[in-house]
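Let us take a walk through this protein together, from its overall division down to individual contacts. Here is the structure to keep in view as you read.

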Amino acid sequence: MPIKNRFAEMLPEIMGWRHHLHENPELLYEVHETAAFVAARLREFGVDQVVTGVGRTGVVGIIRGRGTSTRAIGLRADMDALPIEEATGLPYASKVPGKMHACGHDGHTSMLLGAAKYLAETRNFDGSVVVIFQPAEEGGAGAKAMIDDGLFDRFPMDEVYGIHNAPGVPLGTLMTRPGPLQASSDEFEIIVKGKGGHAAEPHRAIDTTLVAAHIVIALHSIVSRNVDPLKRVVLTVGTFWTDSAASNIIPDEARMAGTVRTLDPEYRTIAEARIRDVVTHTAAAYGATAQMIWDPGYPVTVNDPQGAARAADAARAVGLHVIDDADPIMPSEDFSYMLEQVPGAYVFLGNGDTPMCHHPKYVFDDEAIPYGCSFFAELVERRLPTA
Ligand code: NI
């Protein structure tokens, strides 16, 4: 039996929690019912300390082991859902129109609750486990809000770990890597001002559309010409519009917005500077003006090499198939803020052959639960061994 047997017994109960959370999705920081559910379960398990309202709606639980060690291991799950209309047809589908757990955070929360119940029952470790349930992973930087609210000062931790499910990866497989695992995500908006006029008399105008189009093309020289070909950077202009509503009007103003993703933090600064230069000088070349607004987002998710190795060892010990040199991916993740403060690792847990996260037909596979719970529990028992 690869997984810890206790979790096979607990599976129906943990699935019940997940299906309840799945039916009742909440967005960003508005995870009031979810946080209350989590806190109630933790109290029921006899967790030594349960603190709510950390980073607005985050929940922290402390489980003390045997012995006198002051070491502490953090385990983190995210609780928020997405503004997506569910199309799975599941019996426990979302009851809330326009909201869905389409990224499996209901599964992450339930797996961490399952691990917390087991750890509170067995206490087969010396030190403390800090279970962290965060709000607002989906674009709200809930991890940062918890850190700004003193997460690591109020509940000191030596290491911190988190799991995200991975559609397309077989069940029973865990993937991680040392170093950068997920990209940073910064956004930019560009406002181009020309001179509007009649489409038939362009010589009396400054054609804002033409200038903005040149800016899009020029921006795509940054990744191909300013970035070391061995580094990973992606730039996408996702939206572009003008204030002209007709085919025979040259607009006064054009706007576009896009994102820059990279696994190399130095390229966040380089990209920002290059975008600003390209935008202002391209506009000037055509007699227009332009400004760029830079909106920094989640940092690069960087695994501590030892943390990644420890996570891989714990996963192997409970029978998971482990890929410890997985390719990094370009979507971002706000667990990155926690890994900036405390060494540890983020891991991907196989979710089988399901539609991708953020798809209206995405399904978290309950069969993944015993693997995730066993991984968390084993990691704690290894990192906080009893004498
Ligand atoms: Ni997610």
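In this predicted model, the domain assignment divides the protein into domain 1, made of residues 5–181 + 300–383, and domain 2, covering residues 184–295. Between the C-alpha centres of domain 1 and domain 2 there are 39 Å.

How many residues of domain 1 and of domain 2 are in contact? Domain 1 contributes eight residues and domain 2 contributes 10. Together, domain 1 and domain 2 bury about 710 Å² between them, and 71% of that area is on carbon and sulfur atoms. On the domain 1 side, the residues that lose the most area to domain 2 are Val300, Met330 and Ser332, which together account for 73% of what that side buries.

Now to the helices. Two packed helices are described by the angle between their axes and the distance between the axes. The table sets out two such pairs.

| Helix pair | Axis distance | Crossing angle |
|---|---|---|
| α6 (residues 208–226) and α7 (residues 266–285) | within 9 Å | roughly 145 degrees |
| α8 (residues 305–317) and α10 (residues 369–383) | within 9 Å | roughly 115 degrees |

Take α6 and α7 to begin with: α6 passes α7 in a right-handed crossing. From α6, the contact is made by Val211, His214, Ile215, Ala218, Leu219, Ile222 and Asn226, while α7 supplies Tyr267, Arg274, Ile275, Val278, Val279, Thr282 and Ala283. Sorted by class, the residues of this contact of α6 with α7 are 10 nonpolar, three polar and one charged.

The crossing of α8 and α10 is right-handed. Here α8 brings Arg310, Ala311, Asp313, Ala314, Ala315 and Ala317 to the contact, and α10 brings Phe375, Glu378, Leu379, Arg382 and Arg383. The contact of α8 with α10 counts six nonpolar and five charged residues, with no polar ones.

Finally, back to salt bridges: how many does a search of the whole structure find? The search of the whole structure gives 26.

Notes. Residues numbered from 1 in each chain as written. Predicted model: local features only at pLDDT ≥ 70, side-chain atom pairs only at ≥ 80, totals over all residues. Heavy atoms only, no water. Axes fitted to C-alpha atoms, helices over the stretch in contact; angles between N-to-C directions. Helix = DSSP H or I, 4+ residues; strand = E, 2+ residues; numbered from the N terminus. Left-handed = near helix turned anticlockwise from the far one by under 90°. Contact = heavy atoms within 4.5 Å. Nonpolar A, V, L, I, M, F, W, Y, C, P; charged D, E, K, R; others polar. Domains from an automatic or database assignment. Buried area = accessible area lost by both parts, 1.4 Å probe. Salt bridge = Lys/Arg side-chain N within 4 Å of Asp/Glu carboxyl O.
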